[in-house]
Structures are given as structure tokens and as C-alpha cells.
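Colleague: Please take one part of this model and go through it closely. Then widen the view, one step at a time.

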Amino acid sequence: MLPGAFGALPADVQAQVTASGRVGRWGRGELLFHPEDPAEALFVLLRGSVRLYRLGTGAREVTLDVHGAGALLCAAALLPGEQCGMYAEAMDDAEALLLGRDVLTRLTQGQPGVAVALTEQITRQTRGVQERLSGLVFLEVSQRLALALLNLAEREGPWPEGGSLALRDRVSHQDLAHVVGSTRETITKLLGDFRSRGLLDLGYRRIILTDRAGLEHATQEPLR
């Protein structure tokens, strides 16, 4: 089964999409593509998390977004003569299905559902970018961190009634800083504050969420 919007396609269509591309794999910290790379293939993220970023003043990395399974990367491949326009870095072991422009044209012409899935996924990601920008403007860092932790929790499945939930994925303070749009030092301090308030517990690259209601409240009110 393909993730994201493609997962709603019939099984035979999903098999056709998978057979039409090639699978690429990257380890944590490896780049899927660079800004100057020709946008010759659309990346359908099958597994892992990928950070999109550009270099700002003084070669400072500016995170544009972080995507998980189901996301479309290098969507510029849908247009001729474009470049990827940004860096894409694997935040953990990642796997993606690469679909060239000619392949995409054949798929969308032969299977209208594929075009619908592409549109739905791009729309979701566009909305996600808008929400991220709104969060950067209107929410304090502590609120954004609480939201990020709850979003990570959604990947783990149902939250045990009245219990805690351990995040299985390896998540470093720097990873959270990228997701939230802050610095590692600030995130480390805030995680300590969250821990002292009983919202979570910390281990070696391991976060255990202990108070769902408290985290939800923290998304509404900045820590004081």
C-alpha cells in the first residue's frame, strides 16, 4: 500500500504506480536532492521524514518544512525545465518512489485517479505550509513544540487511556528545532520545562508523552 493520497487508489492502480517508478533509499543526514538539481522526477515519500531547507545569510540553514510518508517532494517535476529549488535532507532512514515526468504523464492520462491523488496531496501540503507559516507568526515556541509532539504522537496510533505514549521514532532536540522553527538550545530548555510540568519524560533520544490533556492545553497557552 502506498501512503498518503495514493493509498486511496485501487490496489491494481497502486501496483501500476509502484511498477512505473524506481525506489531510492537514504540514510539519516543524506541529501535526496540539491537546489540546482534538475526537477526530473517527483519523489513520493514512502518511509521516514525529510526536511526541506534553503541556505540564508551566512549559510544559515532555514527549514521550510518537514514531511513524512505520503508527501510529494520536488513537485517542480510536474513542470518542464524546473529545478528542485531547495535541499531535501533525510531526518532518519528514508525511502521514496521516484516518478519521472514522462511516467507521470502516462499515469495521469491512463488513470485519472492518479491525477486526483496528486492534486489532493499537493493541496494538503500547501495547506500544511500555510498552517506552519501561521504558527510561526501567531504561536509562541512552546505552543509550536506542544503541537509538534502531539503530531508525532498521532503516528504511534491510539493513545492509551489514562496512560503515557512513547515516541518510537528517534527524535533529537535538533530534529524538533527544525520542525518547530527554533534553535536546539531553546527546544532543550522547553523540553525541560515540559518535563518539570509532568507533560513528558525524557531518555536518550527518547520522548515519553505523559499528559495528553496538558499538551493540548499547552498548544493554546504559552508557558509562563
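Modeller: Strands E3 (residues 41–47) and E8 form an antiparallel pair with six bridges. Strands here are DSSP runs of E, at least two residues long, numbered from the N terminus. Two strands count as a pair if DSSP finds at least two bridges between them. In this predicted model, residues are numbered from 1 along each chain as its sequence is written, and side-chain values use heavy atoms, without hydrogens or water. Local features need a pLDDT of at least 70, side-chain atom pairs count only at pLDDT 80 or more, and totals for chains, interfaces and linings use all residues.

Now look along E8. Leu98 in E8 is the bridge partner of Phe43. Leu98 also stands opposite Arg22. Trp26 stands opposite Ala94 of E8.

How covered is E8? Six of the seven residues of E8 (residues 94–100) are buried, and the strand is mostly covered. Buried means under 20% relative accessible area; exposed means over 50%, and partly exposed lies in between (1.4 Å probe, protein chains only).

Step back to the whole sheet. Its order is E1-E8-E3-E6, four strands in an open sheet with antiparallel pairing. E1 and E6 are the edge strands, and each pairs on one side only. Strands of a sheet pair through backbone hydrogen bonds, parallel or antiparallel.

Cys74 lies in the loop between E6 and strand E7 (87–90). Cys74 has a positive phi of about 55°, although it is not a glycine. Is Cys74 buried or exposed? Its relative accessibility is 8%, so Cys74 counts as buried.

At least two lining residues come from each of E4 (50–55), E5, E6 (72–73) and H3. A pocket is an open set of points on a 1 Å grid over the protein atoms alone, with protein on both sides within 12 Å along at least five of seven lines; a lining residue has an atom within 4 Å of a point. This second largest pocket is lined by 17 residues. Leu52, His67, Met86, Gln125 and Val129 lie nearest its centre. H3 gives the largest share of this lining, four residues. By class, the lining has 12 nonpolar, three polar and two charged residues. Ala, Val, Leu, Ile, Met, Phe, Trp, Tyr, Cys and Pro count as nonpolar, Asp, Glu, Lys and Arg as charged, and the others, Gly among them, as polar.

Turn next to the largest pocket. Its lining has 39 residues, and Asp65, Val66, Asn151, Arg155 and Val179 lie nearest its centre. Strand E5 (61–67) and helices H3 (112–138), H4 (141–154) and H5 (173–180) each give two or more residues to this lining. The largest share is nine residues, from H3. The class count is 13 nonpolar, 11 polar and 15 charged.

Helices are DSSP runs of H or I, at least four residues long. The expected span of a helix is 1.5 Å times one less than its number of residues. For the 14 residues of H4 that gives 20 Å, and its end C-alpha atoms are 20 Å apart, which agrees. Of those 14 residues, 10 are buried, so H4 is largely enclosed by the rest of the structure. Among the buried residues of H4 are Ser142, Gln143, Leu145, Ala146 and Leu149. Arg144 is buried, with a relative accessible area of 13%. How far is Arg144 from Ala90? Their C-alpha atoms are separated by 22 Å, and the two residues are 54 residues apart along the chain.

Three strands form an open sheet in the order E9-E11-E10, with antiparallel pairing. E9 (165–166) and E10 (200–203) stand at its edges, each with a single partner strand, so one side of each is left without a neighbour in the sheet. E9 and E11 (residues 206–209) are joined by two bridges in the antiparallel sense. Ile208 in E11 is the bridge partner of Ala166.

Conventions. On a 1 Å grid over the protein atoms alone, a cavity is a set of points where a 1.4 Å probe fits but cannot get out, and a pocket is an open set with protein on both sides within 12 Å along at least five of seven lines; lining residues have an atom within 4 Å of a point.
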